[in-house]
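This report examines the helix packing of a single chain and the surroundings of a few selected residues.

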Amino acid sequence: MLANLFLHYAFDVWMEREHPTVRFERYCDDAVVHCVSEGQAHRVARGIADRMAEVGLKLHPAKTRIVYCKDGSRRQQYPRVAFTFLGFTFRPRPAWTKNGVVFASFQPAISNEALKRISGEVRQWRLHHWVGLDIDQVARRINPIVRGWMQYYGAFYRSVLNPLLQRINGYVMRWLRKKYRRLRNVKRAAAAWQRITSQQPRLFAHWAWAAASWRTG
């Protein structure tokens, strides 16, 4: 809290005073500053570095960079066209107009680092070994966690989350086949899966979320 309060005066208030037209976001010691030109970006970066030195701080050399927000309107070539902030990677991504025309849009989506961390957490659940629970109990145990991930990381470009949600489905299927001996047959397991998902499409939070995504396109 004290560090955040310090940076409020050392950075936020200073930015508002010295660069009142430059928008920025800061969370703890991470910040994104929006500039309208490369020249302005270099000037502001130098100013921030000097300001940090004044208050006894130093910019992280690996994390401090100028990024070109390339999209369908900004088409110049620059070496850096992506950055990560608060678990999201911002970079050029395909987007579609209402008429289905594809264009390049600079958008955020869950970062590879966040995906790797979450995938590791799912793996550590060892969900397929929860054979002492019934399927409703399994759903109640993981739904609050998965729903939180979807609400946060699914706010932008939610399709990037689909491989993670499919991985969770894979563990649920493994749980079914481990809990019920008759479902160790692949065809029986597939039929049981189809029956459960059609009869209880909202049992797992990510099932309902995927259905909503499909309906809304």
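In which strand is Arg-93 found? The model is predicted, and it places Arg-93 in strand β4, which comprises residues 88–96.

Residues up to four places away in sequence aside, Arg-93 touches Phe-103, Ala-104, Ser-105, Gln-107, Pro-108, Ala-109, Tyr-157 and Val-160. Pro-108 lies 15 residues from Arg-93 in sequence, with 8.5 Å between the two C-alpha atoms. Towards Gln-107 there is also a polar contact: the side chain of Arg-93 reaches the backbone oxygen of Gln-107 at 3.0 Å.

Ser-111 sits in the loop that joins β5 (102–110) to α3 (112–125). With a relative accessible area of 2%, Ser-111 is buried. Its contacts, apart from neighbours within four places in sequence, are Thr-84, Gly-87, Phe-88 and Thr-89.

The buried residues of α5 are Leu-164, Leu-165, Ile-168, Asn-169, Tyr-171, Val-172, Trp-175 and Leu-176. They cover an arc of only 160 degrees around the axis, and so they lie on the same side of α5.

| Helix pair | Angle between axes | Distance between axes |
|---|---|---|
| α4 and α5 | about 170 degrees | 13 Å |
| α3 and α5 | about 10 degrees | 11 Å |

How are α4 and α5 oriented, roughly parallel or roughly antiparallel? Angles over 145 degrees count as roughly antiparallel, and α4 and α5 are therefore roughly antiparallel to each other. On the α4 side, the contact is made by Ile-135, Val-138, Ile-142, Val-146, Trp-149 and Met-150. Helix α5 contributes Leu-164, Leu-165, Ile-168, Trp-175 and Leu-176 to this contact.

**Helix α6**

Helix α6 covers residues 186–199, and its 14 residues should span 20 Å at 1.5 Å a residue; the end C-alpha atoms are 20 Å apart, in agreement. Which residues of α6 are buried? They are Ala-189, Ala-192, Trp-193 and Ile-196. Viewed down the axis of α6, these residues fall within an arc of 105 degrees, so they line one face of the helix. Lys-187, Gln-194 and Gln-199 are exposed on the other side of α6. The N-terminal end of α6 is capped by Asn-185, which has a side-chain oxygen 3.0 Å from the backbone nitrogen of Lys-187.

**Positive phi angles in two loops**

Arg-126, in the loop between α3 and α4, has a phi near 50 degrees, a positive value in a residue other than glycine. Its relative accessibility of 48% makes Arg-126 partly exposed. Tyr-157 belongs to the loop between α4 and α5. The phi of Tyr-157 is near 45 degrees, which is likewise positive in a residue other than glycine. Tyr-157 is also one of the residues touched by Arg-93.

Key. Residues are numbered from 1 along each chain as its sequence is written. This is a predicted model: local features need pLDDT of at least 70, side-chain atom pairs count only at pLDDT 80 or more; totals for chains, interfaces and linings use all residues. Side-chain values use heavy atoms; hydrogens and water are left out. Buried means under 20% relative accessible area, exposed over 50%, partly exposed in between (1.4 Å probe, protein chains only). Helices (H or I, at least four residues) and strands (E, at least two) are DSSP runs, numbered from the N terminus. The arc is that of the directions from the helix axis to the C-beta atoms. Contact means heavy atoms within 4.5 Å. A polar contact is a pair of N or O atoms within 3.5 Å; within protein, one must be able to donate a hydrogen and the other to accept it, and residues adjacent in sequence count only if both atoms are side-chain atoms. The expected span of a helix is 1.5 Å times one less than its number of residues. Axes are lines fitted to C-alpha atoms, for helices over the stretch in contact, and angles run from 0 to 180 degrees between N-to-C directions. Angles under 35 degrees count as roughly parallel, over 145 as roughly antiparallel, 65 to 115 as roughly perpendicular and the rest as oblique.
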